[in-house]
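Subject: Structure handover

Hello,

My notes on it follow below.

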Amino acid sequence: MLAVISLSKQKNTRRASCLICVENAVFLLNLFTFEWSVFMMSCLSLYTNYIQYNSIVGVRHKSVALSSCQKRIGCNSSILAVAQQVSGLSRWLEKKTQKMFHIVQYRPLRLITRNSLSRICLKLMFSRLVTFEQISKSRFSSHSLVGNKNIILMGPPGAGKTTVGRIVGQKLDCPVIDVDDDVLETTWNMSVSEKLQDVGNEQFLEEEGKALLKFSASGSVISLSGSNPMHTAGMQHVKRNGIVVYLDVPTTVIMSRLKSMKVDRIVGQGPATSLKDILQFRKQFYKRWYDVRVLCGGSMAAEVVAEKVLDAVKRYQNSEVETYVSTRSTQKNSQKYFSDVVIEGLASDGGLFVPERGLPELTAEEWQSIIEATYAERAQVILERCIHPADIPASKLREIIGTAYGENFTCSKIAPVRHLTGNQFLLELFHGPTASFKDFALQMMPHIFAYCIPRSCNYLVLVATSGDTGSAVLDGFSRLHDTDKQRIAVMSFFPEDGVSPIQKSQMIGCQKENAWSVGVKSDFDFCQTAMKKIFADSDYTGYLTVEYGTSLAAANSINWARLLPQVVYHASAYLDLVHQGIIAFGDPVDICIPTGNFGNILAALYAKMMGIPIRKCICASNENNVLTDFIRTGIYDLRGRKLIPTFSPAIDILKSSNLERYLHLIADGDGQLVTQLYNQLETQGHFQLRKDLLEKLQQDLVAGWCSEEDCLAAIHSVYSTTGYILDTHTAVAKVVADRLQDRTCPIIISSTAHYSKFAPAILRALRITEIKQNPLSQLHLLSSYSPLPPVHWGLIETLKKNENEGHRICTADLSMLMSCIETLIQGHFMKVF
């Protein structure tokens with residue numbers, strides 16, 4: 001067995017890969033006719049050889065088309081049956097290896113023993129290579145929170161590191177070391193202020209770093225000085241044996257504390273630099289080093305902060321509790337981790353992945369601590385709470401967020417909130433490169449995906465789109481690093497005649513070397529259903545894996561990594577209203593969202609769960625108003641319904657995928673009930689909620705719908721009175737908001753797309769009669785009216801560059817879509833055998 005393993009170790013990289021060739025393994029088993037006992041010992045030997053790997057990710061499907069392997073190499077069925085029985089060794093192997101290596105809480109042990117051979121028989125992808133020495137350093141012992149590690153408190157002067165450190169030390173009954181008093185002054189035989197006056201700012205930082213390099217401790221709570229993080233070598237030294245906890249206190253609070261302490265100057269501050277400027281400057285160094293962050297409000301007592309530090313450390317060391325389950329799961333041992341659900345997209349039982357324990361809730365003080373933060377900073381705080389650092393460390397997450405929300409957005413505020421009229425506000429979600437709210441997830445998700453997947457496998461990402469998702473996913477994945485683009489490609493399926501001309505032109509224009517668009521002669525519901533069937537077909541997906549070394553993944557909002565970033569902009573919009581003085585934190589708001597697939601409105605409901613004071617979420621539908629009927633009656637009924645093409649094609653949807661996640665939530669995680677409801681929908685075309693569940697739903701949601709005439713009239717009315725142009729989807733939400741809001745609190749209307757994408761409908765709404773067919777001409781005509789906001793120039797540039805490109809078209813036949821997928825894989829990825 002060991003003879004068929006090829007191990008590739010890459011020095012100074014976080015990943016290594018291990019390839020097991022099934023054909024050779026089965027051939028050897030067949031050739032030497034191993035007895036069962038020998039086979040078991042071989043498996044154990046194989047298993048223990050790779051305990052040192054810190055994360056193990058297998059081929060995404062439970063079946064890798066064993067029948068295909070059998071045909072290709074002529075092995076007998078009994079050998080394949082033996083191979084499938086390896087999963088039965090899991091508990092025995094786990095007990096043996098834990099006894100041998102005295103490892104109690106080590107996640108990879110459980111991962112590999114719970115994967116059946118049918119899942120890993122083609123490839124085992126090992127990531128994040130870690131030695132035994134690193135394992136002991138990265139995990140605290142099971143009987144102590146600290147063990148031989150240090151808890152290192154970091155933050156600006158006035159953050160309370162010394163006081164909090166003493167409280168944490170008392171609670172853990174371990175030594176407490178204050179770097180200022182116990183290290184620096186002891187080393188220098190003088191006070192810190194005297195040393196600073198003696199050597200000056202720049203030399204002081206160097207002297208401080210040298211002292212830190214000579215310092216060593218174990219099992220202690222260490223309070224750093226405010227300037228320690230500015231010395232790279234010193235921080236690298238102290239971080240090697242500890243977890244760094246960042247006490248993140250708002251700058252205004254720090255300035256107030258320093259003023260009360262009569263501190264008017266800190267290390268690094270020159271004559272021309274204000275105290276506020278130097279505090280802001282230092283933040284980049286704090287953000288570079290921390291492992292976990294603790295948000296500290298202005299009035300938060302030191303005892304409370306200390307408890308938060310302990311909770312943060314416990315969470316950091318225990319990744320086992322943050323698991324995900326399928327909405328249709330009835331098994332207790334079917335949990336996945338964040339990296340798993342990003343890669344797999346759709347659960348094997350057809351359900352959608354959700355956090356088993358729900359999303360974390362932030363306190364009012366924690367939310368208020370980021371009111372003055374930028375959008376990227378808010379995203380960092382929120383996503384750190386939702387993604388365990390074992391899956392994506394804070395430093396890597398910050399890098400991803402910085403790439404996602406940078407110069408590719410035309411507005412520096414990323415998701416600004418604009419007053420419209422009365423107590424209505426617009427959340428502008430169209431400033432990304434493809435001019436729709438989908439950019440918020442799809443400028444980030446590709447980088448998350450590239451980080452999570454193993455290096456030694458190709459992935460084809462499939463997406464079904466009703467319009468905006470297509471260009472957003474193509475653009476997002478085309479922005480990956482070149483090395484990632486060689487192993488990750490994306491294919492977008494859209495209804496050929498069910499999107500706007502500009503949307504189609506944009507999708508065609510966004511095609512790159514690893515990104516392709518395919519038009520399907522049907523509607524969006526067919527495209528979405530076809531994607532689910534493809535993922536559920538283990539013979540087909542297994543064949544692609546065996547033949548081309550390529551696994552399939554999903555980028556629709558069924559993928560958790562697509563949905564999660566959308567929570568951020570709903571929370572950010574509320575914080576912006578607080579920052580602008582329109583409301584005080586704690587005051588309620590309503591949110592009105594045009595939605596068909598229920599993803600955007602579900603993200604708002606998740607923001608509410610996390611502590612944002614959202615009173616009601618208003619679901620706005622167009623003439624495809626199945627969601628409105630469902631929210632009002634509890635009956636989801638597709639019988640006799642036909643999809644109606646409208647001016648708002650992104651919500652021309654009858655089967656709302658993400659509704660399943662919400663039903664799982666209000667049913668308290670009852671996977672059996674969700675399975676029953678969706679089986680009934682599939683077989684009978686309808687289902688009905690129980691009365692108690694409908695009452696829960698209506699506490700969160702109200703709904704309305706808008707006709708085509710009312711949609712165009714709203715665009716005309718708003719433009720006439722304000723000079724602002726709504727897109728067709730936002731106009732639907734505006735009409736529904738006018739009808740359903742009670743005007744007792746502000747309402748935030750999600751402006752989900754830029755009007756430039758729907759120029760013919762906009763020109764018609766503005767009563768411009770001479771409309772040219774060319775999309776570029778339509779945009780130039782709109783631009784001549786000097787509208788607010790301006791025409792999306794990024795969209796114009798995309799259309800200019802790729803005006804004459806073509807795309808592939810498929811008939812509405814599942815086998816044709818499968819053939820199309822294989823053909824494009826053949827042109828991009830190398831065949832394995």
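The secondary structure of the chain comes to 39 helices and 24 strands. Please keep in mind that this is a predicted model. Of the 833 residues in the chain, 61% are buried. Among contacts with a separation of 6 or more, 77% are between residues 24 or more positions apart. The chain has an accessible surface of about 32,600 Å², and carbon and sulfur atoms account for 50% of that area.

Five strands make up an open sheet with parallel pairing, in the order 17-14-15-16-24. Strand 17 (550–554) and strand 24 (808–810) are at its edges; each has a single partner strand, so one side of each lacks a neighbour in the sheet. From one strand to the next, the twist averages 30°. The partner of strand 24 is strand 16 (residues 515–520), and the two run parallel over three bridges. In this pair, Val 518 has Arg 808 of strand 24 as its bridge partner. Helix 39 (residues 814–828) packs on the sheet and touches strand 14 (458–464), strand 15 (488–495), strand 16, strand 17 and strand 24. The direction of helix 39 makes about 150° with that of strand 15.

Strand 23

Strand 23 (residues 747–751) is largely enclosed by the rest of the structure, because five of its five residues are buried. In a regular strand, side chains alternate between the two faces of the sheet. Here Ile 747, Ile 749 and Ser 751 point one way, while Ile 748 and Ser 750 point the other way. Strand 23 pairs in the parallel sense with strand 13 (residues 424–428) over five bridges, and Leu 427 stands opposite Ser 750. Strand 23 also runs parallel to strand 18 (residues 589–594), to which three bridges join it. On that side, Asp 590 stands opposite Ile 747.

Helix 16

Helix 16 (residues 302–317) has 16 residues and spans 23 Å from its first C-alpha to its last, close to the 22 Å expected at 1.5 Å a residue. Its buried residues are Val 305, Ala 306, Lys 308, Val 309, Leu 310, Ala 312, Val 313 and Gln 317. An α-helix has 3.6 residues a turn, so residues three or four places apart point the same way. The buried residues of helix 16 pack against strand 5 (150–154), helix 9 (161–172), strand 8 (242–248), strand 9 (292–295) and helix 18 (364–368).

A loop serine

Ser 329 is in the loop between strand 10 (324–326) and helix 17 (338–344). Is Ser 329 buried or exposed? Ser 329 counts as buried, because its relative accessibility is 14% and the cut-off for buried is under 20%. Apart from its neighbours within four places in sequence, Ser 329 is in contact with Ser 334, Asp 349 and Gly 671.

Cysteines

A disulfide is a covalent bond between the sulfur atoms of two cysteines. How many disulfides does the model contain? The count is zero, taking a pair of cysteine sulfur atoms within 2.5 Å as the criterion. Cys 174 is buried, with a relative accessible area of 16%. Cys 745 is buried as well, with a relative accessible area of 7%.

Regards

Methods. Residues are numbered from 1 along each chain as its sequence is written. This is a predicted model: local features need pLDDT of at least 70, side-chain atom pairs count only at pLDDT 80 or more; totals for chains, interfaces and linings use all residues. Side-chain values use heavy atoms; hydrogens and water are left out. Buried means under 20% relative accessible area, exposed over 50%, partly exposed in between (1.4 Å probe, protein chains only). Helices (H or I, at least four residues) and strands (E, at least two) are DSSP runs, numbered from the N terminus. Two strands pair if DSSP finds at least two bridges between them. Contact means heavy atoms within 4.5 Å. Axes are lines fitted to C-alpha atoms, for helices over the stretch in contact, and angles run from 0 to 180 degrees between N-to-C directions. The expected span of a helix is 1.5 Å times one less than its number of residues. Accessible areas come from the Shrake-Rupley method with a 1.4 Å probe; for residues, only the protein chains shown count as cover.
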